[in-house]
Every structure is written in structure tokens, then in C-alpha cells.
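Biologist: Take me through this model one feature at a time. Give me the rule, then the case.

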Amino acid sequence: DRGEQLWYFTTAERSAFIGYDNSADKLIAAVQVTIASEVVTVNNYGNLVVGNIEAQGTVSATGDVQAAGAISGTGNVTGGNIRTAGLITATGNIIGGNISATNHTGTTVSVTANVIGGNLTTGGLITSTGNVTGGNINTGGVVSSTGNVIGGNIVTGGSMYSSGVFSSTGNVIGGNIVTGGLVTATGNITSAANISGGNYTATGQ
């Protein structure tokens, strides 16, 4: 091994070492070492305080990486967990098996798998080229669709508007059916109350 042995005293005489560990092929800094036959045995590694660390390869840590400022990397940051009480900001993609967050603030959340959560809250649009499947779709506004709305029941306390056709193989139940066009049925139109209108056209009774 090659380096500098530094003698100091804390309750007893000790030696530190900064230098090259030949067997490990690494530069080391240790606060307590034993040196015999030019071989350094590390009892305790030391702490380094520096302005910046620049690495051409990998920065590897078996413990925690803590910083009061920014940890910046142009390559990948790989670890078991990234924990912060502040923000994780990325101009590129964040890719992982699961992303768990109380809140997400950003422009776009893009996933090829499922988005699972308690609630999806947005002041804008929820857009999907596939199916939206759920127990209930609750809104104080409008559900707008250029395609088909398919479900067991469509229940509303308000109005349903369509510039096209309402088509149902089951029953349509409501307080009123109001249309500026035609109500056409191949079967019976049954009402327990009155049917009021300008004209009725029927081939039967």
C-alpha cells in the first residue's frame, strides 16, 4: 500500500491514512488504521468534506447519500429507495415498477400499464383512447363522448343530451323524454300517465 500515515492523539495515540489500497485497487481515507509490513488494515473509515465530487464512472454507496443541496447526475441514479422531504424534479422520464406519491405536479403522466389510486382529481381533461372502467363516474359537469357510452344503467338526476341517437336494447326509464325530433319504437310505448304532444302517428292502436 502507498500513501500518507497521519499520527494524532485522542485518548490514545492513533494513526489515520490517506492513500492507495493495493489489494482493493482503491484510494481510501481512514481515521483509524494499523500498518504492518507496508500493508494498511482499516479499523474505521473517515468522512470527507469537499466542495464537489466529479465522477467519470459510478458513485456507489452502501449507506445513505445525504445532501443539503442538489444531487445532480447526467446518467442514471439507481438505488433501493430515493427519499426526500422536498421535490424530485426531472426534465426527462421517471421509469419504475411503481411510483407512489401523495401528490403529483407536472405536465403529463404517461403509463403503459394501470394507474391505481384513490381519486383522480383534475381541473382539466381525462383523455383515453381505450376503455374507462369503474364502479361509478361521478361529475358535477358534463360527460362528453364522440363514441358509445355502454353500461348496465345510465342514471342521472339531470338531462341527457345527444346530437345523434340514443340506442338501448333495454328499458329507458325517466321522468320525461324531451326531443325536437322523433321517438320511434318497433314495440309498444307504455305510459301510466298521459302522453302529450302536437301530433301522434301510429299504424296500430
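Modeller: Start with exposure. Glu38 is exposed, and Arg2 is exposed too. The scale runs on relative accessible area: buried is under 20%, exposed is over 50%, and partly exposed lies in between (1.4 Å probe, protein chains only). The model is predicted, so local features need pLDDT of at least 70 and side-chain atom pairs 80 or more, while totals for chains, interfaces and linings use all residues. Numbering starts from 1 along each chain as its sequence is written, and side-chain values use heavy atoms, with hydrogens and water left out.

Biologist: What joins the side chains of Glu38 and Arg2?

Modeller: A salt bridge, at 3.2 Å from N to O. The rule asks for a side-chain nitrogen of Lys or Arg within 4 Å of a carboxyl oxygen of Asp or Glu. The count by this rule is 1 salt bridge.

Biologist: Which parts of the chain does the pair link?

Modeller: Distant ones, 36 residues apart. Arg2 belongs to strand 1 (residues 2-10), and Glu38 to the loop between strand 3 (26-36) and strand 4 (39-45). Strands here are DSSP runs of E, at least two residues, and helices are runs of H or I, at least four; both are numbered from the N terminus.

Biologist: What about the backbone of Glu38, where is its phi?

Modeller: Near 65°, a positive value in a residue other than glycine. Ser37 lies in the loop between strand 3 and strand 4. Ser37 is not a glycine either, yet its phi is positive, about 55°.

Biologist: Why does Ser37 count as exposed?

Modeller: Because its relative accessibility is 74%.

Biologist: Now Ser15. Buried or exposed?

Modeller: Ser15 sits in strand 2 (residues 12-21). Ser15 counts as buried because its relative accessibility is 5%.

Biologist: Which side chain does the side chain of Ser15 meet in a polar contact?

Modeller: That of Gln5, at 3.3 Å. Such a contact is a pair of N or O atoms within 3.5 Å; within protein, one must be able to donate a hydrogen and the other to accept it, and residues adjacent in sequence count only if both atoms are side-chain atoms.

Biologist: Which residues is Ser15 in contact with, leaving aside neighbours within four places in sequence?

Modeller: Contact means heavy atoms within 4.5 Å. For Ser15 the list is Gln5, Leu6, Trp7, Tyr8, Val31, Gln32 and Val33.

Biologist: Next, the segment after strand 4. What can I read from Ile189?

Modeller: Ile189 lies in that segment. Ile189 is exposed because its relative accessible area is 56%. Beyond four places in sequence, Ile189 is in contact with Val183 and Ile195. Ile94 is 95 residues away along the chain, and the two C-alpha atoms are separated by 57 Å.

Biologist: Last, which residues line the second largest pocket?

Modeller: Val115, Ile116, Gly117, Gly118, Asn119, Leu120 and Thr121. A pocket is an open set of points on a 1 Å grid over the protein atoms alone, where a 1.4 Å probe fits, with protein on both sides within 12 Å along at least five of seven lines; lining residues have an atom within 4 Å of a point. This one holds about 160 Å³. Its lining divides into 3 nonpolar, 4 polar and no charged residues.

Technical notes
Grid points are joined across faces, edges and corners, and a volume is the space filled by probe spheres set on the points. Ala, Val, Leu, Ile, Met, Phe, Trp, Tyr, Cys and Pro count as nonpolar, Asp, Glu, Lys and Arg as charged, and the others, Gly among them, as polar.
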